[in-house]
Amino acid sequence: ILISLLPYIAICLFLASISAFLRIDMKSMIPNLSPIKINTSVGNIYINENEKENFVGIVDYLNKNLKKDETFVVAPEGLIFNQIFNKIHPYYYTTLTPLDFETFSEEKIINDTAKFKPDYIIFYPRNTKEYGANTICYDYGVNFCIHIINNYSRVAIIKGQYSALIFKRIK
């Protein structure tokens with residue numbers, strides 16, 4: 001019986017050694033991302049330091065420019081902004097990740113954007129590699145982004161490690 005288990009034992013030992021190596025390697029590859037606290041109207045929010053400029057810049061812009069009856073969508077993800085500004089709107093999509101484009105179809109997302117007409121579209125720089133595509137407007141959602149360019153005007157560029165873009169609907 002022991003001889004018949006040797007291949008399985010060898011595989012387990014091999015996988016364990018790879019696992020140990022990957023853990024060490026991954027730790028060396030991950031930068032020290034100590035969260036920082038940002039005070040908002042809904043309480044304290046903790047974000048990574050490399051996101052601070054974009055996050056604060058978007059919040060400042062919306063505080064100064066967003067009217068009470070206006071809506072916005074943050075792509076690919078930005079639910080926390082809806083919470084901060086207490087925004088509920090009929091636009092179905094809470095995120096615009098590759099998974100959303102695959103699940104609902106890019107055409108449907110474009111049609112719903114045209115139908116519900118969010119006043120602002122905000123592109124918050126976030127790598128979506130865990131969904132199989134890195135960057136909206138480049139790796140996925142290209143036609144969606146063309147729709148935004150044709151129906152919205154860019155009103156702000158928020159400089160950070162990567163730039164966030166804010167577009168306002170052309171009325």
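Reader: Hi! Quick one to start: does Tyr93 count as buried or exposed?

Author: Tyr93 counts as buried, because its relative accessibility is 5%. Buried means under 20% relative accessible area, exposed means over 50%, and partly exposed is in between, using a 1.4 Å probe and protein chains only. Keep in mind that this is a predicted model, where local features need pLDDT of at least 70 and side-chain atom pairs count only at pLDDT 80 or more, while totals for chains, interfaces and linings use all residues. Residues are numbered from 1 along each chain as its sequence is written, and side-chain values use heavy atoms, with hydrogens and water left out.

Reader: Thanks! And how many aromatic pairs does the structure hold?

Author: There are ten aromatic pairs. One of them is Tyr92 with Tyr93, which is edge-to-face because the planes stand at 85°, with ring centres 5.5 Å apart. For the cut-offs, rings of Phe, Tyr and Trp (its six-membered ring) pair if their centres lie within 6.5 Å; planes under 30 degrees apart are stacked, over 60 edge-to-face, and the rest tilted.

Reader: How does Tyr92 count, buried or exposed?

Author: Tyr92 counts as exposed, at 56% relative accessibility. Tyr92 also has an edge-to-face pair with Phe104, with centres 5.4 Å apart and planes at 85°. Tyr92 lies in the loop between α3 (79-84) and α4 (98-104) and Phe104 in helix α4, so this pair ties together parts twelve residues apart in sequence. Helices (H or I, at least four residues) and strands (E, at least two) are DSSP runs numbered from the N terminus. Phe104 is partly exposed, at 24%.

Reader: Nice. Which residues do ring pairs link into a cluster?

Author: Those are Phe55, Phe81 and Tyr124.

Reader: Switching to the sheet: what order do the four strands have?

Author: The order is β3-β4-β6-β5, in an open sheet with mixed pairing. Each of the edge strands, β3 and β5 (152-158), has a single partner strand, so one side of each lacks a neighbour in the sheet. Two strands count as paired if DSSP finds at least two bridges between them.

Reader: In which sense do β3 and β4 pair?

Author: Parallel, over four bridges, with β4 covering residues 120-123. Ala75 has Phe123 as its bridge partner in β4, and Val74 stands opposite Ile122. Both faces of β3 (residues 72-75) are covered, with Phe72 and Val74 buried on one side and Val73 and Ala75 buried on the other.

Reader: Last topic, charges. How many salt bridges does the count come to?

Author: Six, where a salt bridge is a side-chain nitrogen of Lys or Arg within 4 Å of a carboxyl oxygen of Asp or Glu. Among them, Lys168 pairs with Glu70, the closest N and O atoms being 3.4 Å apart. Lys168 is in strand β6 and Glu70 in the loop between α2 and β3, so the pair links distant parts of the chain, 98 residues apart. Glu70 counts as buried at 4%, whereas Lys168 is partly exposed at 21%.

Reader: And where do Asp112 and Lys108 both lie?

Author: Both are in helix α5 (residues 106-116), four residues apart, which is about one turn of the helix. Asp112 is buried at 10%, and Lys108 is partly exposed at 39%.

Reader: Which residues are linked in a network of salt bridges?

Author: Glu77, Arg126 and Glu130.
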